[in-house]
Each structure stands twice: as structure tokens, then as C-alpha cells.
Amino acid sequence: MKIIACDQRHVPQIRTIFNDAILNSTVLWEYEPRSLKTVTDWFESKRKGSFPVIGMENDLGEFMGFASYGTFRDRPGYKYTAEHSVYVDQRFRGKGIGSLLMKELIVSAQSHDLHTLIGAIDTTNEASIALHRSLGFEYCGSIKQAGFKFGRWLDMVFYQLILPTPARPIAG
């Protein structure tokens, strides 16, 4: 297995993973599958914002999953905080891929002088909660009935990891 920096050629595989999550889980609170254009635009916005999209391929070159982070809130005072996400192809779940991707994402966040990573997780996603806890993320709040999907209200929990960066934060 190897960690890779995703590029345009990975967009169709990223789309497949996104759409599986949309159609079959409460990981993404969307109702309709994403078009190729929507995912291409998402990828381009990550590139323009200098946000990483990292992936993992196995020894056969199969795309196993990806992770990224982006703007938490668009006000200047939040510039050291990012919200992240990690998605693993259903064929490769339970093999530690999410953990490896998250560890690489944490390294990237530190190298970009971020201070806090935030994960917003559906309360029923026990695997994601366990993953975040195993990496040192701490529970920091919840919102009851924050979303609606599959005919029911969904609650969201937030987990955060405080990083030792930046060495010298500045306002402005």
C-alpha cells in the first residue's frame, strides 16, 4: 500500500466512493449522487485552496480511499482550524486504511501550521468515532437532530485534535 497525492485521474474513483456513502450510509447527509462535474469542482476547489487530497492505493494500483481537509468557517479567526473527512472504499474497510490516511492528514495539517482538526460525525458511525478516539481526537460537542436522511433525524458529534502548530500564530 502507498499514500499518494490525488490528482485529476482519481476524480472518478473519489466520485464512486462519495456516491456509495451518499446512497448507502449516513456518512454524507446528501440525497442525490454527485455528478462528475460536482466532484471535479470539489477537487479543483481543494487545489485552489491549497488543501490536500490524499489517497491510498494497494500494490495492484487499486484506489482504496482518500482524505482531505478544508475550511472550517470562512472568517479570518478560524484560519488555524480545518474540518477533515476520510472515506474508504467499501471493499477495503476494516483494514486500517482510514487510520493510515488520517495519520497522513494530521502530518499535512501540522506542516501547514493548522492548530485544530475537526471531525463532524453521525452519532451512529461507531467506526469513525473509534478511529478518531484512537488518534487522540476528543469529543467536543454534539447537535441533536442536525440532519434528516432515510426518514429519520440524525444527530452529529464533533471530535477535535489540537495540534502543537503553529509555533507563532498571528492575527490577520
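**Close-up views of a predicted model**

**View 1. Asn-58 sits in the loop between E2 and E3.** This is a predicted model. Asn-58 counts as buried because its relative accessibility is 14%, and the cut-off for buried is under 20%. Which residues does Asn-58 touch, leaving out those up to four places away in sequence? They are Met-1, Met-64 and Phe-92. Lys-2 is 56 residues from Asn-58 along the chain. Yet the C-alpha atoms of Asn-58 and Lys-2 are separated by 6.4 Å.

**View 2. Helix H1 packs against helix H2.** H1 covers residues 11-24, and H2 covers residues 36-48. Two packed helices are described by the angle between their axes and by the distance between the axes. Here the angle is about 110° and the axes are 9 Å apart. H1 is therefore roughly perpendicular to H2. The crossing of H1 past H2 is right-handed. From H1, the contact uses Val-11, Pro-12, Ile-14, Arg-15 and Phe-18. From H2, it uses Leu-36, Val-39, Thr-40, Trp-42 and Phe-43. How many of the residues in the contact of H1 with H2 are nonpolar? There are 8 nonpolar residues, with 1 polar and 1 charged.

**View 3. Asn-19 belongs to helix H1.** Is Asn-19 buried or exposed? Asn-19 counts as buried, because its relative accessibility is 9%. Asn-19 touches Pro-33 and Arg-34, when residues up to four places away in sequence are not counted.

**View 4. Val-27 lies in the loop between H1 and H2.** Val-27 has 39% relative accessibility, so it counts as partly exposed. Neighbours within four places in sequence aside, Val-27 is in contact with Ala-21, Tyr-87 and Asn-125. Tyr-87 is 60 residues from Val-27 in sequence. In space, Val-27 and Tyr-87 are 8.9 Å apart, C-alpha to C-alpha.

**View 5. The largest nonpolar core has 26 residues.** Leu-117 and Phe-137 have the most contacts inside this core. Several elements give two or more residues to the core. The strands that do so are E2 (53-57), E3 (63-71), E4 (81-88), E5 (116-122) and E7 (152-162). The helices that do so are H3 (97-111) and H4 (126-134). Which element gives the most to this core? H3 does, with 6 residues.

**View 6. Leu-117 touches residues from several parts of the chain.** Residues up to four places away in sequence are not counted here. The contacts of Leu-117 include Tyr-69, Ala-82 and His-84. Ile-106, Ala-109 and Phe-137 are also among them. A second, separate core has 16 residues, including Ile-4, Ala-21, Phe-43 and Phe-63.

**View 7. Leu-101 is found in helix H3.** Leu-101 is buried, because its relative accessible area is 0%. Which residues does Leu-101 touch, not counting those up to four places away in sequence? Among them are Ile-3, Ile-54, Gly-55, Met-56 and Gly-65. Phe-66, Ala-67, Val-86 and Tyr-87 are also touched by Leu-101. Val-88 is 13 residues from Leu-101 in sequence. The distance between Leu-101 and Val-88 is 9.2 Å, C-alpha to C-alpha.

**View 8. Val-107 also lies in helix H3.** Val-107 counts as partly exposed, because its relative accessibility is 48%. Val-107 and Leu-163 are 56 residues apart in sequence. Their C-alpha to C-alpha distance is 9.8 Å.

**View 9. Gln-145 and Phe-150 each have a positive phi.** Most residues other than glycine have a negative phi. Gln-145 has phi near 50°. Where is Gln-145? Gln-145 is in strand E6, residues 138-149. Phe-150 has phi near 55°. Phe-150 is in the loop between E6 and E7. Phe-150 counts as partly exposed, because its relative accessibility is 47%.

**View 10. A cis peptide bond links Thr-165 to Pro-166.** Most peptide bonds are trans. The bond from Thr-165 to Pro-166 has omega near -5°. Pro-166 is found in the segment after E7.

Key:
Residues are numbered from 1 along each chain as its sequence is written. This is a predicted model: local features need pLDDT of at least 70, side-chain atom pairs count only at pLDDT 80 or more; totals for chains, interfaces and linings use all residues. Side-chain values use heavy atoms; hydrogens and water are left out. Axes are lines fitted to C-alpha atoms, for helices over the stretch in contact, and angles run from 0 to 180 degrees between N-to-C directions. Helices (H or I, at least four residues) and strands (E, at least two) are DSSP runs, numbered from the N terminus. Angles under 35 degrees count as roughly parallel, over 145 as roughly antiparallel, 65 to 115 as roughly perpendicular and the rest as oblique. A crossing is left-handed if the near helix is turned anticlockwise from the far one by less than a right angle, and right-handed if clockwise. Contact means heavy atoms within 4.5 Å. Ala, Val, Leu, Ile, Met, Phe, Trp, Tyr, Cys and Pro count as nonpolar, Asp, Glu, Lys and Arg as charged, and the others, Gly among them, as polar. A nonpolar core is a set of buried Ala, Val, Leu, Ile, Met, Phe, Trp, Tyr and Cys residues joined through side-chain atoms within 4.5 Å. Buried means under 20% relative accessible area, exposed over 50%, partly exposed in between (1.4 Å probe, protein chains only).
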